[in-house]
Amino acid sequence: MPPEIFYQLLQQSGIVLSDHQKNQFQTYFSLLVEWNEKMNLTAITELNEVYLKHFYDSLAPILQGHITNRPLKLLDIGAGAGFPSLPMKIVYPELEITIIDSLNKRITFLHHLAQTLELEGVHFYHGRAEDFGQDRSFRGQFDLVTARAVARMPVLAELTIPFLRIKGQLIALKSQAVDQELTDAKTALTTLFAQVVKNHAYQLPNGDARFITVVEKKKETPKQYPRKAGLPNKKPL
């Protein structure tokens with residue numbers, strides 16, 4: 001997807017980017033490729049592929065109507081090179097973005113990226129989601145949590161739900177259908193007082209299938225969750 005097609009498709013969805021926003025995406029691409037030579041940020045580095053499979057794909061929560069342009073506190077777990085939250089931040093500057101990532105090199109890249117793009121209201125933290133999920137300054141503080149191809153739903157629920165306010169939502173982006181994952185996650189969702197409110201498929205402009213699952217927090221998360229780092233993966237609820 002060439003950048004001009006990217007802009008046109010967004011315009012068809014009612015999103016008209018300013019020259020500044022277009023320059024932000026162009027600079028994002030340049031820095032991604034430059035830093036990818038020093039560290040493993042992504043296997044996708046070709047211009048058209050980055051605009052389709054990283055930038056456009058990251059905007060799915062907006063394009064599919066799950067996020068509107070208003071001040072919201074959004075946490076992105078395991079964002080890697082900033083996907084999906086930072087492309088959404090460029091399009092909707094009012095979003096307040098927090099990213100937690102377990103690899104400090106990626107956090108260094110994100111700090112540099114945000115400074116270069118002149119992004120305000122972005123916060124980056126190095127560490128494990130399990131640890132931050134027990135921190136009072138993070139726990140129960142967010143309107144939204146996003147996760148793009150991070151973990152299967154039984155694990156992902158425990159890593160994300162504790163961060164949400166009551167009625168806050170997890171938006172999980174997947175490249176494969178999650179029906180079996182949701183069946184396997186029933187115990188986890190019940191234990192964490194969370195419920196699937198939307199689960200649907202859509203397509204990228206090239207025809208690739210994508211899936212979004214929205215999970216809403218109904219009550220306060222029991223204090224013992226998330227468990228210690230590594231346990232959610234080793235022994236899913």
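Is tyrosine 125 buried, exposed or partly exposed, and what is its relative accessibility? In this predicted model, tyrosine 125 has a relative accessibility of 32% and therefore counts as partly exposed. Phenylalanine 138, by contrast, counts as buried, because its relative accessibility is 7%.

These two residues form an aromatic pair. The ring centres of tyrosine 125 and phenylalanine 138 are 4.9 Å apart and the ring planes stand at 90°, so the pair is edge-to-face; planes over 60 degrees apart fall into that class.

The charged end of lysine 38 sits over the ring of tryptophan 35, at 4.4 Å from the ring centre. Lysine 73 lies over the face of phenylalanine 142, where the distance to the ring centre is 5.4 Å.

Among the helices, helix 2 (residues 19-36) packs with helix 3 (residues 47-58) at an angle of about 110°, and the axes are 11 Å apart. This angle makes helix 2 roughly perpendicular to helix 3, since values from 65 to 115 degrees are assigned to that class. Helix 2 contributes Phe25, Gln26, Tyr28, Phe29 and Leu32 to the contact, while helix 3 contributes Leu47, Val50, Tyr51, His54 and Phe55. By residue class, the contact of helix 2 with helix 3 comprises eight nonpolar residues, two polar and no charged.

Serine 85 is located in helix 5 (residues 85-91) and is buried, its relative accessible area being 0%. With residues up to four places away in sequence left out, serine 85 touches Leu74, Asp76, Ile97 and Ile99. Alanine 149 occupies the loop between strand 4 and helix 8 (153-160). At a relative accessibility of 62%, alanine 149 counts as exposed. The C-alpha atom of alanine 149 is separated by 27 Å from that of leucine 17, a residue 132 positions away along the chain.

Notes: Residues are numbered from 1 along each chain as its sequence is written. This is a predicted model: local features need pLDDT of at least 70, side-chain atom pairs count only at pLDDT 80 or more; totals for chains, interfaces and linings use all residues. Side-chain values use heavy atoms; hydrogens and water are left out. Axes are lines fitted to C-alpha atoms, for helices over the stretch in contact, and angles run from 0 to 180 degrees between N-to-C directions. Helices (H or I, at least four residues) and strands (E, at least two) are DSSP runs, numbered from the N terminus. Angles under 35 degrees count as roughly parallel, over 145 as roughly antiparallel, 65 to 115 as roughly perpendicular and the rest as oblique. Contact means heavy atoms within 4.5 Å. Ala, Val, Leu, Ile, Met, Phe, Trp, Tyr, Cys and Pro count as nonpolar, Asp, Glu, Lys and Arg as charged, and the others, Gly among them, as polar. Rings of Phe, Tyr and Trp (its six-membered ring) pair if their centres lie within 6.5 Å; planes under 30 degrees apart count as stacked, over 60 as edge-to-face and the rest as tilted. Buried means under 20% relative accessible area, exposed over 50%, partly exposed in between (1.4 Å probe, protein chains only). A charge sits over a ring if NZ of Lys or CZ of Arg is within 6 Å of the ring centre and within 35 degrees of the ring normal.
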